[in-house]
Amino acid sequence: MTEFTPVSAAIGGLLIGLAAALLLFANGRVAGISGILGQAMWPEAGDERGWRIAFIAGLPIGAVIVAQVGGPLETQIDASLPMLVLAGLFVGFGTRLGNGCTSGHGVCGMSRGSTRSVAATLAFMAVAGATVFVVRHVLGASA
Amino acid sequence: MNRTLSALLSGTIFGAGLAVAQMTNPAKVLGFLDAAGAWDPSLAFVMGAALLVSAIAYRVRGYTAQAANGIDTRLLAGACLFGLGWGLAGFCPGPAIASLVTGSGKVALFVASMVVGMGVYHLVLEQPGRAARSANHAA
């Protein structure tokens with residue numbers, strides 16, 4: 001169980017929105033993390049790797065900076081190791097198949113009014129919620 | 001600004017935002033997804049604030065979505081698979097990559113599996129598709 005933290009949540013959200021705005025204005029790109037990572041690893045003809053690798057490298061750097069100034073960097077993972085592997089495979093395959101994740105569809109796509117992104121976001125939120133419900137309340141794993 | 005530098009800065013701000021919002025903590029994310037339990041609505045505030053800023057940016061820039069090929073099975077199947085993985089672990093791609101700094105073996109295992117999942121997609125679905133497309137061009 002975690003505390004409700006609306007202020008830090010909103011500040012974090014503002015930073016995420018600013019990051020997406022910066023990538024849009026400076027690079028003309030959508031800040032979709034699964035797409036950036038996938039195309040950095042397996043670029044198609046014409047895909048530039050440099051800015052993609054730089055963006056991905058920035059993510060942990062940002063987290064380190066927050067931790068350095070005394071911010072939260074707690075990572076409580078309850079899933080078992082086999083479950084983490086399975087979940088990772090689903091997240092990797094699914095985000096590439098569906099062309100986006102929480103950032104690309106959930107933030108960037110929805111904010112520019114893409115119906116595909118709205119549909120994808122509703123789908124992954126619903127399935128994620130149903131999965132947590134089954135794991136915690138039907139199978140009875142510790143919450 | 002140099003495009004590599006601006007991307008690095010954007011990624012850094014993004015990662016900082018994820019950490020400040022505690023999206024790097026799977027327990028926090030699962031608390032949001034667990035509406036039937038001790039629900040923690042914090043992540044709705046993350047999403048709301050991010051959407052607000054990003055929507056203004058897209059509007060100012062006049063960015064219009066590319067002619068989308070509509071809502072298809074591929075999009076929904078991918079989103080559902082992603083949702084399943086997200087619900088099982090509490091990690092989506094960005095927070096997982098940002099959390100690598102904790103040095104946790106579990107985070108590394110998740111990220112490695114995620115990259116393998118992307119690679120499987122690339123090998124199984126993208127390569128044959130591209131081969132078929134070039135074959136069509138040749139024909």
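Mentor: Two residues are in contact if their C-beta atoms, placed from the backbone, lie within 7 Å. This is a predicted model, in which local features need pLDDT of at least 70 and side-chain atom pairs pLDDT 80 or more, while totals for chains, interfaces and linings use all residues. Residues are numbered from 1 along each chain as its sequence is written, and chains are lettered from A and ligands numbered from 1 in the order in which they are written.
Trainee: What share of the contacts in chain A with a separation of 6 or more comes from residues 24 or more positions apart?
Mentor: Such residues account for 42% of those contacts in chain A.
Trainee: How many helices and strands are there in chain A?
Mentor: Chain A has six helices and zero strands; helices (H or I, at least four residues) and strands (E, at least two) are DSSP runs, numbered from the N terminus.
Trainee: And the side that touches chain B: how many residues of chain A are in contact with chain B?
Mentor: On chain A, 103 residues are in contact with 98 residues of chain B.
Trainee: Which helix gives the largest share of that side of chain A?
Mentor: H1(A) does, with 21 residues.
Trainee: Changing topic, what box do the C-alpha atoms of chain A fill?
Mentor: Taken along the principal axes, the box is roughly 50 × 40 × 30 Å.
Trainee: What percentage of chain A is buried?
Mentor: Of the 143 residues in chain A, 55% are buried (20 or more other C-beta atoms within 10 Å of the residue's own, C-beta atoms being placed from the backbone).

Definitions and conventions
A residue is buried if 20 or more other C-beta atoms lie within 10 Å of its own, exposed if 12 or fewer, and partly exposed in between; C-beta atoms are placed from the backbone.
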